[in-house]
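Here are some short notes to read alongside the model. Please keep the structure open while you go through the points.

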Amino acid sequence: MTQNRSWIPYALILPSVVFLGLLFVVPLVQTLWLAVSDNGTPSLANMTTMVTDLNFGRSVLNTFLLTLAVVPIQIVMALTMGSMVAKMNGGRETILWIWTIPLGISDLAAGMVWLSILQNTGYLNSVLFGLGIIERQTAWLTYQTPVALFIGIAIAEIWRGTAIVMIIIVAGLNQVPKEFKEAAEIFGASPWTRFTRITLPLIRPALQSALILRTVLAFEVFAVVYALGGRNFPVLVGEAYNWQNQNQNYGVAAAYAVLIMVISLAATLVYLKAVKVDPERLP
Amino acid sequence: MANIVIDNIKKSFGAFQALKGVSLTINDGEFVSLLGPSGCGKTTLLRIIAGLETSTSGDVRIGEKSVIGLLPKDRGLAMVFQNYAVFPHMTVYENVAFGLRMQKADDARVKKQVEKAAGLLHIEPYLDRYPNKLSGGQRQRVAVARALAVEPGVLLMDEPLSNLDALLRLEMRTELKTVLQEAGTTTIYVTHDQTEAMGLSDRIAVVHDGRIEQVGTPVEVYNHPATRFVGGFIGNPPMNFITMPVTGGQVTAGAQQFAVPAQGGEIVLGLRGETVERAPTGQGLDMQVRVAEPMGSHLLLTGSILGQPARVILPATETVKNGETVGLTLDPKRLTWLSPESGVSYPAAA
Ligand SMILES: Nc1ncnc2c1ncn2[C@@H]1O[C@H](COP(=O)(O)OP(=O)(O)OP(=O)(O)O)[C@@H](O)[C@H]1O
Ligand SMILES: [Mg+2]
């Protein structure tokens, strides 16, 4: 009876495969082709245009700097928040709920929230002025204040994207039975040793997922930057957007898209190697 | 040095009282078992002694010093967890070495201690492996080795051999007892296996429903259970309880008469199955045998005495048929008398 039913799983996953194939693989191949061709013939012209563009170097640098600044801070914050929540008895759910509010907000809206704080007539200036720290409206988000602009964008990104990291980490922490920490405690491990020698190794899988997800998303940063800095702070996806919409040059936009994908894939590979998860060492 | 005094410990989880005032003193170097049925509070008590759980009230003193408020690591003890808690991300070697590493022991000492503990528990073949691939019994032995490796002054063990097969268990039991005795380790050993408790312990504390019912040497606890619960929990078959009428401070069993610590009404006789002797019917108590099972070493009879269920043991040389009535005489020195109302036994006759 059951022998000839081996086609059933295939039939059941077929719709999702077709769906992904149509909406992901086809555009992917098209984009790849678009990036490495010119008028239907293979060519590196788009790549050359991209690389020699004035904003290219700055957008690569900005994207990497932002990723390097934001991701480690988010991981550390998420670990701290997760560990604190794990020690709570009451109110845990409420605090988690509040912490995850930014998740429910689109990234453009998040950018607007921070714009309303950081712009010339924003809340930050009002407060600083009210406290007598500044004498007139100060601009934070301009070409002339690159450091303030960078910090503003980084803070907005951290505010927006830490919750997702925290959720993954909290899920990971919940998987670690408390007996491991208790045993370590009995045998004399300090809280810090327990964290580094017991908790961290045991949440490796969660940490790996969080790092990959967060880094890939960081390389795709766009809406928050666009809202706060406009073209004052070029990033990779922003450039792709400009080439696509302003310059109507789909080839160069595709070249940017491919570059972002390659960087993301490379980062993922690095994490898979660096934060290796050995199934033998899991509970 | 490292004696343990548990002084009226109470513990509530919300409205539920897990420990209802437990007091127990364990002398330096003594081996005491906590014996009791599942859910009676053994693990909870151990966790309070270890400092992993806070008691609702009461005091714990180790080596004359109150340890309430001290961190587990400052209490000078090691523990074997009921569910092992062997670290999955470390090799067996590093697991056993963990406590020593935390004490910053040098590599030579670590190696020596790990090999000693591993040898004792027969886990040398797995030292390089990760616990994940080990069986429950193997992991359990890793947990015991980890605790022994630090040579603690006080050792708390929560059912440390529960997952071993009968043969290995017997062997481990003897070896554990030997090393702990040699090292003079004060040990609290949680188990619900009464033979284990009887064989290993200097004293047994029988725990029931959040209370200690009785503390005593295995022989005391066996021969003179303090309560009906203890008598029924310890011994195989369990103690028989037979309610008998009292007239003028005497209980009559056939031709036998016993002075009892009650004047009239009823009293409960606590009778160990192997303390009876076969006799002609009418001499002592008569038993209606339902099933007679020759066990090789002895003959086990199941049936009723005075209409109350009973199990007794006769020498293997006796023959009894199912359905037969046998006469049994009692040994007055080995009887326990209990109050039918409270289930508490009267002190053994001097
Ligand atoms: N953290 C807790 N919260 C609520 N109830 C608990 C908690 N820990 C234990 N209990 C309850 O306390 C009682 C005693 O539990 P404990 O684990 O000490 O039993 P035990 O004697 O070790 O049993 P076992 O032989 O099955 O291990 C049980 O009824 C248990 O449900
Ligand atoms: Mg238990």
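1. A word on records before the annotation itself: UniProt positions are given here in the numbering used for this structure, feature names are shortened, and annotations may be inferred rather than shown by experiment. The model itself is predicted.

2. For chain A, an unreviewed UniProt entry lists residues 60–271 as "domain: ABC transmembrane type-1". In the model, that span of chain A is 76% helix and 0% strand. Its end C-alpha atoms lie 20 Å apart.

3. How many cavities of 30 Å³ or more are there? The count comes to 1. The largest cavity has a volume of about 70 Å³.

4. The residues lining the largest cavity include Phe222(A), Tyr226(A), Arg231(A), Pro234(A), Glu239(A) and Asn242(A). Two helices of chain A, H11 (223–229) and H12 (236–246), each supply at least two residues of this lining. The largest share, 3 residues, comes from H12(A). Sorted by class, the lining has 6 nonpolar, 3 polar and 2 charged residues.

5. Turning to the nonpolar cores, the largest has 105 residues. Those with the most contacts inside this core are Ile6(B), Leu34(B), Val96(B), Phe98(B) and Leu156(B). A second, separate core has 28 residues, among them Val246(B), Leu285(B), Ala310(B) and Val320(B).

6. Which residues does Ile6(B) touch, leaving out those up to four places away in sequence? Val22(B), Ser23(B), Leu24(B) and Ile26(B) are among them, and so are Leu45(B), Ile49(B) and Asp59(B).

How values were computed:
Residues numbered from 1 in each chain as written. Chains lettered and ligands numbered in written order. Predicted model: local features only at pLDDT ≥ 70, side-chain atom pairs only at ≥ 80, totals over all residues. Heavy atoms only, no water. Core = buried A, V, L, I, M, F, W, Y, C linked by side-chain atoms within 4.5 Å. Buried < 20%, exposed > 50% of the residue type's maximum accessible area, 1.4 Å probe, protein only. Contact = heavy atoms within 4.5 Å. 1 Å grid on protein atoms, 1.4 Å probe; cavity = no way out; pocket = protein on both sides within 12 Å on 5 of 7 lines; lining within 4 Å. Points joined across faces, edges and corners; volume = space filled by probe spheres on them. Helix = DSSP H or I, 4+ residues; strand = E, 2+ residues; numbered from the N terminus. Nonpolar A, V, L, I, M, F, W, Y, C, P; charged D, E, K, R; others polar.
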